[in-house]
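Dear colleague,

I am handing over the structure below, together with a short account of what was found in it. Please read the notes with the model open beside them.

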Amino acid sequence: MLKRKVAIGLSLAMTIMMLAGCSGGETKTETTAAGTTAAQTEAAKTEAAQTEAPKGEDVTITYISSTIIESPEGDFEQQCIDEFNALDNGIHVEVEGLSANDLMKKYITLATSDTMPDFFMADLKDGMTIIDMGLAAEVAPILGQDYIDGFAGSELSTVTLDGAVYGLPWFANASGILYRKDIFDEKGIKIPSTWEELVDAAKALTVDGNYGITLVGTNNGSGAGRFQYVIRNFGVNEFTQDSDGKWVTDIGSQKYIDALRAYTDLDVTHHVCPPGVIETDYPTAVSLFSSGKAAMLITGSNAIGAITNQVPELKGKLGSFPIPGVERSVNTPGGFGFFISPGEHEKESAEFIKFMLDKKNALAFSQLTGRLPTRTETLEDYSIKEMPELEGFLKAKETVYEMPSIPGYSEVNDVHGQAYQSVFTGEATPEEAAAKAQKRAEEICASANEG
């Protein structure tokens, strides 16, 4: 718009000059001491005025977010958007809210019709799918390599391909188990360090209509993500590349079967979960935990904000510990990030993203929600390290499980979801469910190897 206005202004100026030249009149000029005529000076002023951006005409950039419809994240994010829009910097952000579990479906639809927003939020584990679809611009040319180097290394792994970075992590979620310190203290339960101790603690806490642990058993990203925390600690590598660079999978292996059995046994055999596990989505699990109906929750650190927002008096009564290792003890890096659509508003989108990732805003967001910052300067701030609710998550974060960069990785959510749900309902044994999961995982490998 600005270029068009400048072009129109210059065209008008040239027209006026041509008309003046054809009038036959005589123009007087006065030369200044610097040798510049008064007419030249006035013309320069006119040209400068014409090239200034018109006041009040902002560039509007569009954005899709899942946190904007969550609590307490949404209020904070909207406040940041309002503050940014009030900066009078020529950029105006318009946001659309969408459930986190529906983001990728939406982007596939928008990409097909070539109507992607200027920038968007997505689960970092979907980073390779987004890159493979060509939906994200490389960010170093937009923001500079120095800015990219300010992120913690592990946070960039899922958005990096062949050394190029295509996403900007907003917040990270370390995997772990959140527990009610008040209930543990009342029952005299010690912090579990093995899977067997976890089961024993859950049994001891399952009394008087209350339960030891709640699982997110729905077949979606929320459920599959928490199941993945467990299988990886049982030694399962979902997708890896062999010596020939071909993708292979551990899904369906004996390790996978053992993890699937241990996970589903919490409900099927030990009965330490509230009833209706396959209908228990993330908000329901948070409510069960917040109300004291369940004393433990396998989750990421993001649950802290949701819980303390529901029940403020639980602040100071929550603790966390790493998910007990079986074959190994690893943390699943998770979280969400920003992706910039290739196009005319890359720099404007980057300006807003930098505003959200500013240390002041990032610290306030982490303290409010429990979501971990992604930039080194913020992550190392004392206020983050002193939050007792984050102790176990920060400890877990020391051992990182490298997420596979296989195209089509987002499909694995349904692979896992169908596996654990079929065992929870008794439709399949762990062995049968694992065999079906293996077949689908091998199809993902075959597709990636062909591509």
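Of the 451 residues in the protein chain, 50% are buried, where buried means under 20% relative accessible area, exposed over 50% and partly exposed in between, with a 1.4 Å probe and protein chains only. Please keep in mind that this is a predicted model, in which local features need pLDDT of at least 70 and side-chain atom pairs count only at pLDDT 80 or more, while totals for chains, interfaces and linings use all residues. Residues are numbered from 1 along each chain as its sequence is written, and side-chain values use heavy atoms, with hydrogens and water left out.

The protein chain holds 20 helices and 13 strands, which are DSSP runs (H or I of at least four residues for helices, E of at least two for strands) numbered from the N terminus. Among contacts (heavy atoms within 4.5 Å) between residues at least 6 apart in sequence, 77% join residues at least 24 apart.

Helix H11 covers residues 254-268, and its 15 residues should span 21 Å at 1.5 Å a residue, which agrees with the 20 Å between its end C-alpha atoms; the expected span is 1.5 Å times one less than the number of residues. Its buried residues are Tyr256, Ile257, Ala259, Leu260, Ala262, Tyr263, Thr264, Asp265, Leu266 and Asp267, and what covers them includes helix H9 (195-205), helix H10 (221-233), strand S10 (296-300), helix H19 (412-424) and helix H20 (430-450).

Two packed helices are described by the angle between their axes and the distance between the axes. The axes of H11 and H19 come within 9 Å and cross at roughly 50°, the axes being lines fitted to C-alpha atoms, for helices over the stretch in contact, with angles from 0 to 180 degrees between N-to-C directions. H11 and H19 are therefore oblique to each other (under 35 degrees counts as roughly parallel, over 145 as roughly antiparallel, 65 to 115 as roughly perpendicular and the rest as oblique). In their contact, Tyr256, Leu260, Tyr263, Thr264, Asp267 and Val268 of H11 meet His416, Ala419, Tyr420, Val423 and Phe424 of H19.

Another pair is helix H12 (residues 282-290) and helix H13 (residues 303-310), whose axes come within 10 Å and cross at roughly 55°, so that H12 and H13 are likewise oblique to each other. Here Tyr282, Val286, Ser287, Phe289 and Ser290 in H12 meet Ala303, Ala306, Ile307 and Gln310 in H13.
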